[in-house]
Amino acid sequence: MRIKRITSVAACAAVLATLAGCGAGSSESSGAVTVNWWSWSPEQAAAYEQCLPGFEKANPNIKVKISQYQVDAYFTKLTSGFVAGDAPDAFMNSVTYLDSYASQGQLMPLDKFIKGDNLDMNQFSIGTSAWKYKDGKQYALPMDWATGVLYYDQKVLSKAGYSKKDVDSLTWTAKDGGTLWKMIKHLTVDEKGVRGDEPGFNAAKVKTYGINNLEATGDPFGQNYWGWLLPSDGVNIPNANQWPTVFNYADPKVVQSLKLIRDMTNDGFSPKFKQFTTAGTQQLGSGNVALYEGGTWDAAALAALPGMKVGVAPLPAGSDGKRALMSNSNGNNIWVGSKHPEETWKWISYQESEACQTKAAEYNGSFLPSIAASMDALGKKQSAKGIDFSVFTDYVNNKELFPSPVYNNGNALTNAMVPQFESYFTNKADESIFPKMQEQSKALLAGKQ
């Protein structure tokens, strides 16, 4: 899930706002304890509502209030709640903010609860390690996982002469873009019907672009856009997956990769940065793009597009035919200031049980559960609806996923790097910015502002 930048706790103190009715658990007159849980995702909030009857029946003295806030406001509200002492008992969190929240002492370690309940952490197929902090403690239960795939209109690809096998076996390399780049060019069509790899193609008047714009950068390594492509060809920006000391922006393969992506847009094979105001799913549905590199969370919405049979393909493999795909895993944290930690633990451990994850995931298909058994159940249900979920289960079964990097000073790095990437992708800066960004990353990862 892509998330936006937030201000620091210190900065929020200056604009402190009381979050009435949304804070730590309270005791009602009936004697029942209310546990407050927050999410930025309306889909996941609705999905987990389905677990409330079962939980509250098993725990009649605990009531759960689920609150959802738009992502633009979510983390600011959360941080303000830390300062005010009125944060929710538990909340959905992105691993980007593990360091800042844990280092500020805002997160409750879960180890004693896990040990006390003999909770088998091996049931989670992905995400557990991402939520261990430098002190070796476990600060969240993994909720879900997400990575990228290629979505496409099956009729469009067939008309262009491609089969399912062709798109399933694409490659990508930092050297020349591999067979993916060739397909993108062929799928691009101008207003006169000339394809991007044919003589006379007019890049100034494109009717259908080969792929959606990949230049957006919501974090320091383009995780949900161009950053999905690089690792399969051995291109790694962080020098370590956990607590890196430098982001290798000046690595020749990184520079070449980013140049390929920018050139593809400049040459008219993908729309310009922020050219469309509609979401990528809508761009595919309206025929603006032939391929859509999107998140696993887009599958259900795209499968429901009227009059279109959407195919799902794995992201391209590297030159050696293997994939290494960065996967984000959101976590379920307990706030250290919760007045009812035992009751809150009962709720989040129930949320991340096989029974609840299966029920919630099957409700609207909005997330891929971390528990392998729940993922299998979701895949079978969606396949019965005609949605091919085999790509997602194959990622897990083939061990092609690795966790999104965990690093220091995430908010400061995002604030520093995103504008510079945007400057590069809009042709306001050239490759000379990357060595400077690399040196800047060293200081920020070391905790220097």
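Is Glu400 buried or exposed? Glu400 is buried, with a relative accessible area of 13%. Here buried means under 20% relative accessible area, exposed means over 50%, and partly exposed lies in between (1.4 Å probe, protein chains only).

The model is predicted: local features need pLDDT of at least 70, side-chain atom pairs count only at pLDDT 80 or more, and totals for chains, interfaces and linings use all residues. Residues are numbered from 1 along each chain as its sequence is written, and side-chain values use heavy atoms, with hydrogens and water left out.

## Salt bridges

Side chains of opposite charge can pair when their charged atoms come close. The criterion is a side-chain nitrogen of Lys or Arg within 4 Å of a carboxyl oxygen of Asp or Glu. By that rule the whole structure has seven salt bridges. Among them are these pairs:

| Pair | N to O distance |
|---|---|
| Lys134 and Asp99 | 3.6 Å |
| Asp263 and Lys259 | 2.9 Å |
| Arg323 and Glu400 | 3.6 Å |

Arg323 sits in the loop between E11 and strand E12 (325-327), and Glu400 in the loop between helix H16 (390-397) and strand E15 (401-403), so their bridge ties together parts that are 77 residues apart in sequence. Helices (H or I, at least four residues) and strands (E, at least two) are DSSP runs, numbered from the N terminus.

Lys134 and Asp99 also link distant parts of the chain, 35 residues apart. Lys134 is in the loop between helix H6 (111-116) and strand E5 (141-142), while Asp99 belongs to helix H5 (residues 98-103). Lys134 is partly exposed at 47% relative accessible area. Asp99 is buried, at 9%.

Asp263 and Lys259 pair within one helix. They are four residues apart in helix H10 (residues 252-266), so about one helical turn separates them. An α-helix has 3.6 residues a turn, so residues three or four places apart point the same way. Both side chains belong to partly exposed residues: Asp263 has 24% relative accessibility and Lys259 has 33%.

## A buried charge without a partner

Glu293 lies in strand E10 (residues 289-295). Glu293 is buried yet has no salt bridge. The nearest side chain of opposite charge is that of Arg323, 11 Å away. For this search Lys and Arg count as positive and Asp and Glu as negative; His and the chain ends are not counted.

What surrounds Glu293? Leaving aside neighbours within four places in sequence, its contacts (heavy atoms within 4.5 Å) include Val149, Leu150, Ile211, Asn212, Leu214 and Asn224. Tyr225, Trp228, Leu229 and Leu315 are also in contact with Glu293.

## The second largest pocket

Rolling a probe the size of a water molecule over the atoms shows where empty space is left. On a 1 Å grid over the protein atoms alone, a pocket is an open set of points where a 1.4 Å probe fits, with protein on both sides within 12 Å along at least five of seven lines; lining residues have an atom within 4 Å of a point.

The second largest pocket holds about 340 Å³ of space. Its lining has 20 residues, and Gln154, Lys309, Val310, Gly311 and Gly386 lie nearest the centre. Strand E7 (148-153), helix H7 (154-159), helix H12 (299-303) and strand E11 (310-314) each give two or more residues to that lining. By class, the lining has eleven nonpolar, five polar and four charged residues.

Helix H14 (residues 354-364) has Cys356, Gln357, Thr358, Ala360 and Ala361 as its buried residues. They pack against helix H2 (42-49), E5, helix H13 (341-351), strand E14 (368-369) and helix H15 (372-384). Just after H14, Gly365 has a positive phi of about 60 degrees.

Ala372 is in helix H15 and is partly exposed at 31% relative accessible area. Its C-alpha atom is 13 Å from that of Cys356, 16 residues away along the chain. Beyond residues up to four places away in sequence, Ala372 touches Gln123 and Ser125.

In H16 the buried residues are Val391, Phe392, Thr393 and Tyr395.

## Asp267

Asp267 is in the loop between H10 and helix H11 (280-285). Asp267 is partly exposed, at 41% relative accessibility. Leaving out residues up to four places away in sequence, Asp267 touches Phe201 and Ala203. Asp267 and Trp40 are 227 residues apart in sequence, with 37 Å between their C-alpha atoms.

Notes:
Grid points are joined across faces, edges and corners, and a volume is the space filled by probe spheres set on the points. Ala, Val, Leu, Ile, Met, Phe, Trp, Tyr, Cys and Pro count as nonpolar, Asp, Glu, Lys and Arg as charged, and the others, Gly among them, as polar.
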